[in-house]
Amino acid sequence: MTRWVYSFSTERAEGRGEMKNLLGGKGANLHEMASLHLPVPPGFTITTEVCAYFYANGKTYPSDLAAQVDDAVCEVGRQTGRAFGDAANPLLLSVRSGARASMPGMMDTVLNLGLNDASVQTLAKSSGDERFAYDSYRRFIQMYSNVVLDVDSHNFEDILEQYKESKGYTLDTDLTAADWRSVIVEYKGKVEEAVGKPFPQDPRDQLWGAVGAVFSSWMNQRAITYRRLNSIPAEWGTAVNVQAMVFGNMGETSATGVAFTRNPSTGANDLYGEFLVNAQGEDVVAGIRTPQNISEAARKAAGSDKPSLESLMPDVFKQFAANAKLLEKHYRDMQDLEFTVERGKLWMLQTRNGKRTARAALRVAVEMANEGLISREDAITRVEPAALDQMLHPTLDPKAKPAPIATGLPASPGAASGEIVFSAADAEAGRQAGRKTILVRVETSPEDIHGMHAAEGFVTTRGGMTSHAAVVARGMGKPCVSGAGSIRIDYAAQTMTAGGVTLKKGDILTIDGGTGQVMQGAVPMVRPELTGDFATLMGWADEVRRMGVRANADTPTDARQARSFGAEGIGLCRTEHMFFDGERIVAMREMILSATEEGRRAALAKLLPMQRQDFADLFEIMTGLPVTIRLLDPPLHEFLPKTDEEIDEVSKAMGIGVDKLRRRAAELHEENPMLGFRGVRLAIRYPEIAEMQARAVFEGAVEAGRRTGKPVTAEIMVPVIFGRPEFESVKAITVAMAEAVAKETGVTVPYHVGTMIELPRAALRAGEIAESAEFFSFGTNDLTQTTLGVSRDDAASFLGIYTVKGLLPADPFMTLDTVGVGELIKIAAERGRAVRPNLKLGICGEHGGDPASIAFCETVHLDYVSCSPFRIPIARLAAAQAALGRKAHSTA
């Protein structure tokens, strides 16, 4: 018989923390906490295998599941001294999701399950608090009806708000037991009106309804979106966790809260969290009430006048702090904890590795390594390389000092400016139109996930540091200001008012998630300085990584930025980018429009000193490091004017007839320029172009050597070849220019000539090409296009559908297609090195900065990756993790 259900309690736990694939993250950790004898409400986990069965069999269950669930429910009843379905002694349950990977707020939860018209009366008597009992019942009706019966929550919110208004109440806590009974009558009436039958009273029906709703929520739109954004496979499924209810809303000696063992924004080693007295768990994260700080130190730092848990319930706080320390030590990582206090007794409801900002991740990893809790190698693997992106972008210029119009909580660090939008849909529309937006909401919910992904940052007027907006922002690495209560939002008018200023949709807003400030208009920003924990971890990473990390850089600014981020040379200098400025584009057009070689050479002579200076500057900035310069790649028509207005302008500026311009543009027009007259084909048809560029490289190297007193090694790369004969034709030009410059200057510049591998035929003929080429650089942007037969510029209309349907695991232009394009890279590497064992291999497409692609590069023993300057730190860390992963695999 297959085991579908695993029970846990402080007496015993049938599962363990390492069983996340079967029990889900939440379930595995509940079993682990129980095995540590922490105060965990007894319960059981229905495995992820049931979820797989559920979807494979028309949303039905295994035939033996019901009996296993009945046995587990009875065991929970034995542990608590209660009976499920017994109105005289009711066992009440919570039903929660729990996927293998944490997906906060994306799936459904039901609390207070088992309450009905009869058991609520027993709860009122046994608790001695009638108001608490009926408050719990109305929460259950609303939550169950929304999650299971699909009755929208706003129906219940409207009923409650209208009732409060009729009674002159302001807060939910103003309602008495009698008030709640009246509200419940209206709630149940709304349910019957919406679904055509009364609210279910049988606890068993309630339980199976909730279990089915949790499994169904695995495929709701917000969960699907979250999985897509976080690369979580749909086939993983979710588990269902059922536990005895504990109540944080049983009066002033009860509470509920969320905490982290370290600060998730800064990484500081301080217990950090929030709680609410007389509340249930959803109240803390929903932002309906502003929560209180857990510790006295945090309360003072926040300037709050509300008592902390430490002062209000000192014994509970002491026990909770001890549990937090134990769990962090046990898991050897920062923990995200949920807890409830029921009439002075602490219950631990959840632990999981806490989501954190990149800055916090760095600090936590470095400090835990220095504390001896983890090794340096562990510390390297604890930081998600892509998360470093949070630290590599501008922050507010401290010299600007703009006056804030509002201040909230610094929920997620970083700064952003953009147009104000008040809905997720508008944020997404803005991104599609190429506009940056700031999403301004009273509070966010999981349904806003697509807009939050699209926006540059978020502002909410409600909620604390653990609200939905705050948690999502930190996970996405976007700035967020939460709890900015002085802001008034009018959704109907599409305006926000703060500090005496009214701003409308489309106005520019700037937010600083590090200080909680909200400012009108755009504010100047500065680039970050990477020191301290960042430098420490990067130093450790550099010690263990095998692959080099170079930059794609075409300008001195790019090169300096890359060097400051730790680049070990330039892996791709795209020379065409140097031809678009001022007098350069004029000379370039003269060359293209010339009908004779003599005319072309005259125009190229004007470009030579400019190219020479470009290369000299790059060589000087990268003194002692390799610089790989790609010869001209794009089709010539890209340098000519396109529109009638541009043609007229160029005609006047160059003194060339409009007809001649149009005629030459027509001659160069191509139906498919990506596969047309470009790359090596230009150098073969017009060898004078390659001559000028090669001369500029060698003369620039001589100049840089004179400036620095150090020799320069130049690497010249030929693009878009499909075989050895093409390559050798251009290599001969390069060799001739090297000899000419050496003769003219008396300086012999060391150099290497290699090629890009960006066509399948080149990959297949790599052995032959390597007889002449000294290095390969895989141009994976074009290699992906030519292997998949997909145009990168036109793929957006269908690639998203391919990834959603599982036809591709990811966008192949973002993450390397390892089984197709990767196979060609592997073939080329093996065949090339079979001929030339010391053949240098690198990658210079966008994939050079993608962690998953870098991991593949390690498996095929590439020597280096090359990426944009701001992705250099990401690549350094990813390369270190790849080396550690390969080491672990080889020793396993």
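Leu362 is buried, with a relative accessible area of 1%. The model is predicted. Leu362 belongs to helix H14, which spans residues 358-371.

**Around Leu362**

Beyond residues up to four places away in sequence, Leu362 touches Val383, Leu388, Met391, Asp533, Phe534 and Leu537. One distance places Leu362 against another part of the chain. Its C-alpha atom is separated by 49 Å from that of Ala742. Along the chain, Leu362 and Ala742 are 380 residues apart.

**Salt bridges**

Side chains of opposite charge can pair when their charged atoms come close. The structure holds 56 salt bridges.

| Pair | Closest N and O atoms |
|---|---|
| Arg630 and Glu576 | 2.5 Å |
| Lys606 and Glu590 | 2.8 Å |
| Glu667 and Arg664 | 3.1 Å |

Take the bridge between Arg630 and Glu576. The pair links distant parts of the chain, 54 residues apart. Arg630 sits in strand E26 (residues 627-630). Glu576 sits in the loop between strand E25 (570-574) and helix H21 (582-593). Both Arg630 and Glu576 are buried.

Next comes the bridge from Lys606 to Glu590. Lys606 lies in helix H22 (residues 597-621) and Glu590 in helix H21, so the pair ties together parts that are 16 residues apart in sequence. How accessible is Lys606? Its relative accessibility is 43%, so Lys606 counts as partly exposed. Glu590 counts as partly exposed too, at 26%.

Is Glu667 buried or exposed? Glu667 counts as exposed, because its relative accessibility is 52% and the cut-off for exposed is over 50%. Arg664 is buried, with a relative accessible area of 15%.

Salt bridges also form a network. Which residues are linked in it? They are Arg262, Glu328, Arg363, Glu367 and Glu371.

Glu699 lies in helix H26, residues 687-708. Its relative accessibility is 15%. Glu699 therefore counts as buried, since the cut-off for buried is under 20%. What does Glu699 contact, leaving aside its neighbours within four places in sequence? Leu608, Arg612, Val741 and Glu744 are in contact with Glu699.

Ser308 lies in a loop, between helix H11 (296-302) and helix H12 (309-312). Is Ser308 buried or exposed? Ser308 counts as buried, at 0% relative accessibility. Leaving aside neighbours within four places in sequence, Ser308 is in contact with Phe275, Asn293, Ile294, Ser295, Glu296 and Arg299.

**Backbone: positive phi**

Most residues other than glycine have a negative phi. Two residues stand out here.

Asp150 is not a glycine, yet its phi is positive, about 65°. Asp150 is placed in the loop between H5 and H6. Its relative accessible area is 68%, so Asp150 is exposed.

Asn278 is not a glycine either, and its phi is positive at about 55°. Where is Asn278 found? Asn278 is in the loop between strand E7 (272-277) and helix H10 (281-286).

**Surface patches**

Asp150 returns as part of a patch. Which residues form this negative surface patch? Asp150, Asp152, Glu157 and Asp158 form it. Asp152 lies in the loop between helix H5 (130-147) and helix H6 (153-167).

Where is Leu807? Leu807 is found in the loop between helix H31 (796-804) and helix H32 (821-835). Leu807 is exposed, with a relative accessible area of 54%.

Notes
Residues numbered from 1 in each chain as written. Predicted model: local features only at pLDDT ≥ 70, side-chain atom pairs only at ≥ 80, totals over all residues. Heavy atoms only, no water. Patch = residues over 30% accessible without salt bridge, like charges linked within 9 Å, V, L, I, M, F, W, Y side chains within 5 Å. Areas by Shrake-Rupley, 256 points an atom, 1.4 Å probe, with all protein chains shown as cover. Salt bridge = Lys/Arg side-chain N within 4 Å of Asp/Glu carboxyl O. Lys, Arg positive; Asp, Glu negative; His and termini not counted. Charge placed at Lys NZ, Arg CZ, Asp CG, Glu CD. Helix = DSSP H or I, 4+ residues; strand = E, 2+ residues; numbered from the N terminus. Buried < 20%, exposed > 50% of the residue type's maximum accessible area, 1.4 Å probe, protein only. Contact = heavy atoms within 4.5 Å.
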